[in-house]
Amino acid sequence: MAGQILWGAWAWLDGALRRDAGVYVEGTAISATGAYADLVRRYPDAAVVGGEGCFVLPGLINSHDHGRALGTVSLGVPDSFLEVWLTYLAMVPQLPPRLAAAYEGLQLIRSGVTAAAHSHNPASFEGMFDEARETLAGYRDAGVRVAMHPPVMDQNRLIYDERERFLGGVPPHLQAAAQQAMQIPSTSTDDYFRGMDDLYAQHHDAQHHWAHIQISPVVAPWASDALILRCADWAREHDTRIQMHMLETPYQRQYAFRRWNKGFIAHLDEIGALSDRLTLAHMVWVEDSDAALLAARGVGVAHNASSNLRLRSGIAPVAALLNAGVRVGIGLDGHGLDDDQDYLREMRLAFTLANRPGARSADVSPLTVLEMGTRLGAEITFGAHTALGVLAAGRLADVVLLDWNAVKGAWCPPGFPAEAHVPEFLLRRAARAHVRDVMVHGEWFVREGRHTRLDEAEISRAVCEAYAAQPPPERGELDRFVRQHYAAWDEPQRAQHL
């Protein structure tokens, strides 16, 4: 059977920008890349998709997310700093896992995302692995590859330190709610690892990469050293990866100094937990020495620009990380500025925030940001040797065609944008509305802006009906006491982060 030529006025091929170029796809993989005229000459019987009005990109990689379907603001959960926001999160209504993942997958693939890291928020820790299986099925329905991260914790939930002081400030009528918010899941860590063994055996797909089962000591202060090391051992034994939230807030940084009188990254290195299998999400409140150490150990970072702003965490030092040689990807975290899972807009924000004030500040180029959303994201999410994130011969056929004419707008000067200007022009203007066609594993899942398998209107109706069948969320009263607790931690001379 003849393959397909996918081409455009511009194509991001083999890590370089090419004019009038594209890829030749046979089955599930890319067989060749090159100039459009050469591809037509080599494969005269191939079907042709695209044209001068298209821009060809690799499938985008969302390196950290939670798959909540709708944004939390639309569910009655206001933005706040993370530790307070978590008290609200408990009141979010729950969708059936497969439906939530299908809806989430639809939003992502319509944004050009073909693979995502899913940090699971279980409705029930007892039923978490059944939820994970249904979630994998929902993403598969939508055509999105997923790195699945079932969470595990064994300490310090919500309140990192001085828990007795926190409880002492909570009035009697809220004591039960406070204890519940701080409660560690009743399932044992042994049960968790048995569940991970089963999930891995049943669903880890090292051949086609539809699903990778990865381990997650979910938030750094919530996991003991022993648990983190056991997770690292499990990842190594199963030849997979580990992801955890790290240094998202100033209070997580302060916890490390309270506990060990040193930064979190230095401590993890001391116990032997840093490796090239590890990806750390957020990484806002880092020490000056962390970037070099992460690079030396091969640790990846998932940057979440919108979420870090909305949850008042600050701006991660992306330029310093990249300049040290750290591999950095981009994640939506389910918390984009516009609450719409627009990955192209998230790349725009990451590009803007990475370039800091001052003539001495390092530049982060638009080409680097494209790498963060594709090749680098694939490496830190699925592994350096996974055939994703690059349009090159032998790679899996995950391809996005943007409507280049719509990106350019009503008028551009003749010959503009020139090749040198194209990457920044793309980052400044492209959005999910410009995603025209999306191929995953050689199959078209989006054509002319419409999903080929799922009825988006039907999925949306099902989501609305599922939410409507549940009682409206009731905002708790713990938030001000959590705020009071952490306010006592604030230090007048703490490190300056915007």
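How much space lies in the largest cavity? About 70 Å³ lies there, and because the model is predicted, this value, like the others on this tour, is computed from predicted coordinates.

Begin with the cavities, of which the structure holds 4 with a volume of 30 Å³ or more. To find the largest cavity, select Phe125, Met128, Pro151, Val152, Met153, Pro185, Thr187, Ser188, Thr189 and Tyr192, the residues that line it. Two elements, β8 (151-152) and α7 (189-203), each give two or more residues to this lining.

Next, move to the open sheet of 4 strands, where the order is β11-β12-β13-β14 and the pairing is parallel. Its edges are formed by β11 (242-246) and β14 (327-330), each of which pairs on one side only. If you look along the sheet, neighbouring strands are turned against each other by 25° on average, with direction ignored.

Finish with the cysteines. Select Cys231, which counts as buried because its relative accessibility is 0%, and then Cys464, which is exposed, with a relative accessible area of 52%, a value over the 50% cut-off for that class. A search for disulfides will return none, as the structure holds 0 of them.

Methods. Residues are numbered from 1 along each chain as its sequence is written. This is a predicted model: local features need pLDDT of at least 70, side-chain atom pairs count only at pLDDT 80 or more; totals for chains, interfaces and linings use all residues. Side-chain values use heavy atoms; hydrogens and water are left out. A disulfide is a pair of cysteine sulfur atoms within 2.5 Å. Buried means under 20% relative accessible area, exposed over 50%, partly exposed in between (1.4 Å probe, protein chains only). On a 1 Å grid over the protein atoms alone, a cavity is a set of points where a 1.4 Å probe fits but cannot get out, and a pocket is an open set with protein on both sides within 12 Å along at least five of seven lines; lining residues have an atom within 4 Å of a point. Grid points are joined across faces, edges and corners, and a volume is the space filled by probe spheres set on the points. Two strands pair if DSSP finds at least two bridges between them. Axes are lines fitted to C-alpha atoms, for helices over the stretch in contact, and angles run from 0 to 180 degrees between N-to-C directions.
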